[in-house]
Amino acid sequence: MPWPYFRCSGVCINITHRNSQIDIMATQGLLALWLTAAALAHGDHEHQKNMAGPHKSLWYNTLPGDGGTQADSVFSGISTFGRLPYLPCLFHKDIDYDIAFIGAPFDTGTSYRPGARFGPSGIRQGSRRLNLYGGYNVPLDTNPFNSWAKVIDCGDIPVTSYDNTYALHQIENGHFSILSRPPTTDATKPGPSLKGKTLPRVITLGGDHTITLPLLRSINRAYGPVTVIHFDSHLDTWKPKVFGGSPSETASINHGTYFYHAAQEGLLRNDTNIHAGIRTTLSGPSDYENDGYCGFEIVEAREIDTIGTEGIIKKIRERVGTKNPVYLSLDIDTLDPAFAPATGTPETGGWSTRELRTILRGLEGVNLVGADIVEVAPAYDTNAEHTTMAAADALFEIMSIMVKKGPLSVLDIDPPADEDTKDL
């Protein structure tokens with residue numbers, strides 16, 4: 001075929017050198033083809049079905065042997081915690097679950113390095129390979145991704161960054177919306193809530209530690225006062241005048257004072273709460289005295305050198321007991337900055353990731369009704385995502401002990417001393 005003559009998409013085009021005129025042949029046929037293709041495409045759209053959340057045949061393979069699922073390409077796709085299904089729980093009230101992950105991207109209560117508003121997305125990113133091999137937890141002999149429990153990721157609570165007071169209301173109400181609906185399992189059976197109902201468990205991805213106050217307010221509406229296990233390098237029970245100066249009511253609530261407010265509001269079961277991993281400097285000995293008034297016992301980080309992980313586990317279990325509803329709050333700065341550098345107020349001399357995971361596993365059997373992880377600020381992390389992976393692995397242990405305990409319908413819990421039936 002001579003050079004000036006081309007064939008393209010079934011249309012013959014003849015380019016002449018003499019007058020540079022382009023002679024387009026079969027124009028009418030081409031137009032007819034276009035119209036036919038458009039009609040067929042429109043017909044296909046009418047019969048298409050929308051896919052909600054991750055498409056299982058694309059994301060997962062069924063594993064042989066013990067069962068379970070394996071994520072196909074954990075390095076691709078939209079990140080949810082542990083590649084769990086994403087469902088917009090705050091938008092659809094009829095979605096049910098047994099354990100729900102929810103993000104609270106708030107960091108305007110921090111005193112040093114901001115950035116924890118990106119914690120929820122960072123933790124999800126660090127969790128992508130949790131079920132790469134099926135998700136079986138060898139030390140705890142359970143698979144939280146393949147159990148009686150329906151576990152999902154509900155996304156994030158919408159949180160304003162312009163008004164702390166309003167943001168804390170958003171977090172409380174968003175959390176309570178997730179907490180207060182019937183679970184997938186044992187929804188009709190009696191449970192430990194104030195109204196005797198069985199509720200789901202909620203694990204919150206922070207966010208700076210201020211978010212624990214609205215979360216405890218939400219928990220209080222469901223259960224009344226609860227026992228708190230607090231992993232942290234700092235007390236977070238400081239009086240507002242001591243921590244931040246309290247120039248206003250809004251400023252008095254921050255990531256160093258929220259437990260002081262929780263104690264004042266009656267959200268804690270006194271004399272059953274405990275800190276673990278403490279190694280902060282103080283304004284003076286009176287900080288420890290005030291901490292005792294807030295209802296806490298202290299396990300310092302350095303005690304691991306003398307009593308080991310088993311001794312720390314023993315102290316925690318003896319303090320919280322076996323009859324109390326327990327809320328667990330984990331600040332990632334419990335870990336030494338060598339293992340978790342990406343946090344708002346790092347303190348050297350902390351525990352290793354292995355030590356923390358061992359201690360968390362030692363809490364198997366405790367009556368956990370909810371949990372949070374806070375102060376993950378991914379902007380300060382290494383390229384290898386050390387902090388976000390450590391946070392995800394810690395949550396894997398927490399989720400595992402929740403699954404091993406079973407639905408909240410099985411809990412044997414003592415009612416609070418002054419039972420006050422609130423929203424539930």
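This short talk walks through one predicted protein model, from the whole chain down to a few side chains.

Hi everyone. Before we start, residues are numbered from 1 along each chain as its sequence is written, and side-chain values use heavy atoms, leaving out hydrogens and water. Because this is a predicted model, local features need pLDDT of at least 70 and side-chain atom pairs count only at pLDDT 80 or more, while totals for chains, interfaces and linings use all residues.

Let's take the whole chain. The protein chain has 10 helices and 13 strands; these are DSSP runs numbered from the N terminus, with helices (H or I) of at least four residues and strands (E) of at least two. Of its 424 residues, 54% are buried, where buried means under 20% relative accessible area, exposed means over 50%, and partly exposed is in between, using a 1.4 Å probe and protein chains only. Now contacts, meaning heavy atoms within 4.5 Å: among those between residues at least 6 apart in sequence, 75% join residues at least 24 apart.

On to the aromatic rings. How many aromatic pairs does the structure hold? It holds five. Rings of Phe, Tyr and Trp (its six-membered ring) pair if their centres lie within 6.5 Å; planes under 30 degrees apart count as stacked, over 60 as edge-to-face and the rest as tilted. Tyr-258 and Phe-259 have ring centres 4.5 Å apart and planes at 40°, so this pair is tilted. Phe-259 and Phe-296 are also a tilted pair, because their planes are at 55°, with the centres 5.0 Å apart. Phe-259 belongs to helix 6 (residues 258–264) and Phe-296 to strand 11 (residues 296–300), so the pair ties together parts 37 residues apart in sequence. Together, Tyr-258, Phe-259 and Phe-296 make one aromatic cluster. Is Phe-296 buried or exposed? Phe-296 is buried, at 6% relative accessible area, and Phe-259 is buried too, at 0%.

Rings can also sit under a charge, which here needs NZ of Lys or CZ of Arg within 6 Å of the ring centre and within 35 degrees of the ring normal. The charged end of Arg-113 sits over the ring of Tyr-380, 4.3 Å from its centre. Likewise, Arg-221 has its charged end over the ring of Phe-176, 3.9 Å from the centre.

Thr-272 is buried, with 14% relative accessible area. Beyond its neighbours within four places in sequence, Thr-272 is in contact with residues including Gly-295, Arg-319 and Asn-324.
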